[in-house]
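Please look at the model below with its open spaces in mind. The questions that follow ask what each description rests on.

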Amino acid sequence: MAENTEAKEEQYLSSEEEDSEEEDSEEDDDDDNEDEEEEEAEEPKLKYERIRNDLEKILEKHAASCMAVHSKFLAMGTHWGTVHVLDHQGNNINEKEEAVHTTTVNQISLDQNGDYIASCSDDGRVAVTGLYESEHNVVQVFDCPIKAVALDPKFSVGSSRRYVTGRDKLLLHEKGLFNRNKSTVIHEGEGQIRNIQWRSCFIAWSNELGVKVYDVLHRQRITFIRRDHGESLRSEIYACSICWKDDKTLIIGWADTIKV
């Protein structure tokens with residue numbers, strides 16, 4: 001009887017030790033998971049450098065309203081209607097400052113070669129300006145503010161010299177038969193268009209309902225991405241940002257939402 005009792009006590013103690021080891025192991029796993037979650041939640045640290053030189057002097061007098069970036073240079077619009085062309089260190093590039101507008105520049109677009117700049121403004125003007133030649137320069141005046149513009153990425157090499165403008169409708173402008181200018185309504189009826197981005201054969205734009213994509217090659221709309229946030233986050237205050245990551249991937253930042 002004594003031997004049986006001792007055997008049972010040893011078995012019970014052994015069982016308790018195993019249970020204790022399992023609990024310790026589970027606690028260690030929980031700690032590891034918490035550490036991994038903390039590491040994942042930690043905001044990435046980005047390296048950045050403040051742009052100075054002439055840009056600082058410009059911003060002392062004028063407020064920036066928009067910007068476009070090319071591998072060769074930066075183009076910045078101001079609320080005074082000027083478009084400044086600077087290198088990546090912030091130095092003004094001589095004779096590349098354009099005062100084609102009388103009030104806020106709303107958007108700037110560059111062709112892929114960095115040869116032409118398009119800009120639009122609340123004064124109703126749309127200007128397409130060559131940095132190295134003026135043969136294909138355009139100044140078009142509308143009877144209402146123009147909030148968005150985008151150049152065909154191949155504007156400097158294509159024969160149709162296409163660009164799109166946005167207000168309450170999306171218009172495609174191009175050279176037609178006998179070199180005449182032609183404008184085509186791509187879309188209308190869904191509020192103000194405030195951002196346009198053109199890459200390859202796809203034009204993406206935002207209106208009051210969401211973001212749409214148009215295929216220029218096949219002349220048809222192909223995608224609609226509905227806005228998720230409420231109407232209280234108004235588009236004129238919480239503007240939609242659109243960026244093409246590549247020819248088939250669109251990144252959208254709007255109010256409190258990011259979509260890829």
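Q: Which strands each supply at least two residues of the lining of the second largest pocket?

A: In this predicted model, where local features need pLDDT of at least 70, side-chain atom pairs count only at pLDDT 80 or more, and totals for chains, interfaces and linings use all residues, the strands are E4, E12 and E16. Residues are numbered from 1 along each chain as its sequence is written, and side-chain values use heavy atoms, with hydrogens and water left out. Strands (E, at least two residues) are DSSP runs numbered from the N terminus, and E16 gives the most to this lining, with three residues.

Q: What makes a residue part of the lining of the second largest pocket?

A: On a 1 Å grid over the protein atoms alone, a pocket is an open set of points with protein on both sides within 12 Å along at least five of seven lines, and a lining residue has an atom within 4 Å of a point. The second largest pocket has 13 such residues, of which Asn 106, Arg 194, Asn 195, Ala 239 and Cys 240 lie nearest its centre.

Q: What is the volume of the largest pocket, and how is a volume defined?

A: A volume is the space filled by probe spheres set on the grid points, which are joined across faces, edges and corners, and for the largest pocket this comes to about 670 Å³. The second largest pocket holds about 290 Å³.

Q: Which strand gives the most to the lining of the largest pocket?

A: That strand is E1, with five residues, and E1 spans 64-69.

How values were computed. 1 Å grid on protein atoms, 1.4 Å probe; cavity = no way out; pocket = protein on both sides within 12 Å on 5 of 7 lines; lining within 4 Å. Helix = DSSP H or I, 4+ residues; strand = E, 2+ residues; numbered from the N terminus.
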